[in-house]
Amino acid sequence: MKKCVEKVLQYVQKPARYVGGELNSVVKDPNKVDLRYALCFPDLYEIGMSHLGMKILYSLVNEREDAWCERVFAPDFDMEEQMRKNDIPLFALESGDYIKDFDMIGFSLMYELAYTNVLNLLDLAHLEVKAKDRTDLTPIVVCGGPCVCNPEPIVDFVDLVLLGDGEENTVEVLDLLKECKKNGSTKQEFLLKAKDIKGVYVPSLYEDSYNEDGTLKELKPLYGAPAKVKKSVVSDLDKCFYPKEFVVPFISIVHDRAVEEIFRGCIRGCRFCQAGFTYRPIREKTVETINEQAKALIKSTGYDELSLCSLSTSDHSCVNEMLSSLIDWTVKDKINLSLPSLRVDNFSDELVDKLNKVRKSGLTFAPEAGTQRLRDVINKNVTEDEVLRTCTKAFDNGWTSVKLYFMMGLPTETIEDIEGIANLGMEVVHAFYKNPNRQKGTGVQVSISCASFIPKPFTPFQWEPEDSMESLQYKQEHLLKSIPSKKIKVSYHVTTTSLLEGVLARGDRRLNNVIYDAWKSGCKFDSWDDKFDFDAWMNAFEKNGIDPHFYTKRRRPFDELLPWDHIDYGVSRKFLENENKKAHENKTTPHCRIKCAGCGANMLNGGNCDARS
């Protein structure tokens, strides 16, 4: 650690965020590596250290003898104040070196409201914020993560966008950068070669133009750049790299446990869920691989909790065999096994029996909508009877708290659908007290969490208008009035941040200037309610002559060119159109293991898809 950093730590609330030196952190001799990679998470340490993708890439790059990957997180306001006051550039945790001198800087974009933090971190690093003003070969600034399925609002600030599974394209980009450094290539020569790597999008090689009505007319590829950029896909998760150890933080983080990814993709096809489509095709790890990797993580970290990571844990095709084998050793070793992402329609007696052997915590299920009609619209394929039967089964086995996730502002939603959320919550309460096997003398707690629906790219709802702030606020108030019992607690999202998230999710390149001006006016940590400055954002839109509602209020016709149409995540546009039409007819589509719906994602994996029957 540099002395200038050490001196200012006494003035910040949580100095452990900035010191490095944690168990399993990787330190190398900078003179013995060819490439230095700063892996940045544009939010606080406690959040970034909980992100599995960052853990994977950190270990993957550090497996190379020729590269050293270090971690960087957004400093909190108190630390940023000290850094700017004392002219301390942004530094990496492992070495304390300034990241402006690194070869590559990578940002994990998990949510749109982190975009201003990306600009702020580049500025803190003493680097030019806009890519066109960084003319040297290094550092190359890249971004990846869920948000880059539509990177257009932030492309002015990055050199490369990594689409899909980072284990594949990160390695190839580093190889190319090493070669270009050795050969003395220019940045433009590097970018022209990078465009040929699968899963790599080079924004500066495309030119945008617009129609008179403000819609996108063309995103024209230049210099031989591909008209469609395909995402990178790991074919076999059993053979894919996975860390044997995680960095263990000095302070508590959001998800402070060992995490084992059990599969990627989802069989379900919920029409609102971006991850359910963009992570296709489905690829599972075997039970043997899951156990081997989980044991290694517990041994190397000392954690006493193991969480299984996927979009729907109980949809693993060997879920009961997997849980039996995991429970055999986790119970013996006093390791708590956490099973998030359970579904009510496959909460079997056998699964309950497995869960009874691990420490009880609150169960979480996601009906998503309050009425069967709306659940059919979103293709949830879950009935109220299944929700109540599952909750009753849980109450039979000693659970006394249930959390139910819903969405508000879904396409075709009515006020009756909002009332249905309250009614379903009350039915769960009744199910507890009607149950003769419930624990005597205990009460039930039903928590209802309501997220505001944001239409996202690469979903059947990507053409839908977003519900207005006024409508969402009315629905939130109506829901609270409809709750008949104190045994039901309700939480919901702030609607002003939902508007901005909706704009950035489906925006085009014209938003780059809006983001820049918002950041210049002080916007950062926009996902934090107490830090979000709605007026500053609205002023930035006004300064650039852009109406934010252009991106949220209107229904987009199927023949409109969308800002992300040049990016190929495998799911065909025609499939998404058909799913949108079925939604407006209240028709459902069976999940992948019942019948293949022909989404097209299997072709990204050589024609293979584990979900196919």
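Angles under 35 degrees count as roughly parallel, over 145 as roughly antiparallel, 65 to 115 as roughly perpendicular and the rest as oblique. Axes are lines fitted to C-alpha atoms, for helices over the stretch in contact, and angles run from 0 to 180 degrees between N-to-C directions.

This is a predicted model, where local features need pLDDT of at least 70, side-chain atom pairs count only at pLDDT 80 or more, and totals for chains, interfaces and linings use all residues. Residues are numbered from 1 along each chain as its sequence is written, and side-chain values use heavy atoms, with hydrogens and water left out.

**Stop one: α3 and α6**

Select residues 52-62 for helix α3, then residues 166-183 for helix α6. Their axes lie 11 Å apart, at an angle of about 40°. The two helices are therefore oblique to each other.

Now show the side of α3 with Ile 56, Leu 57, Leu 60 and Val 61. They meet Gly 166, Glu 167, Thr 170, Val 171 and Leu 174 in α6 (contact means heavy atoms within 4.5 Å). By class, this contact has 6 nonpolar, 2 polar and 1 charged residues. Ala, Val, Leu, Ile, Met, Phe, Trp, Tyr, Cys and Pro count as nonpolar, Asp, Glu, Lys and Arg as charged, and the others, Gly among them, as polar.

**Stop two: α17 and α18**

Select residues 511-520 for α17 and residues 534-543 for α18. They pack at about 135°, with axes 8 Å apart. That makes α17 oblique to α18.

Pick Leu 511, Val 514, Ile 515, Asp 517 and Ala 518 in α17. Across from them, pick Trp 537, Ala 540, Phe 541 and Lys 543 in α18. The contact holds 7 nonpolar, no polar and 2 charged residues.

Methods. Helix = DSSP H or I, 4+ residues; strand = E, 2+ residues; numbered from the N terminus.
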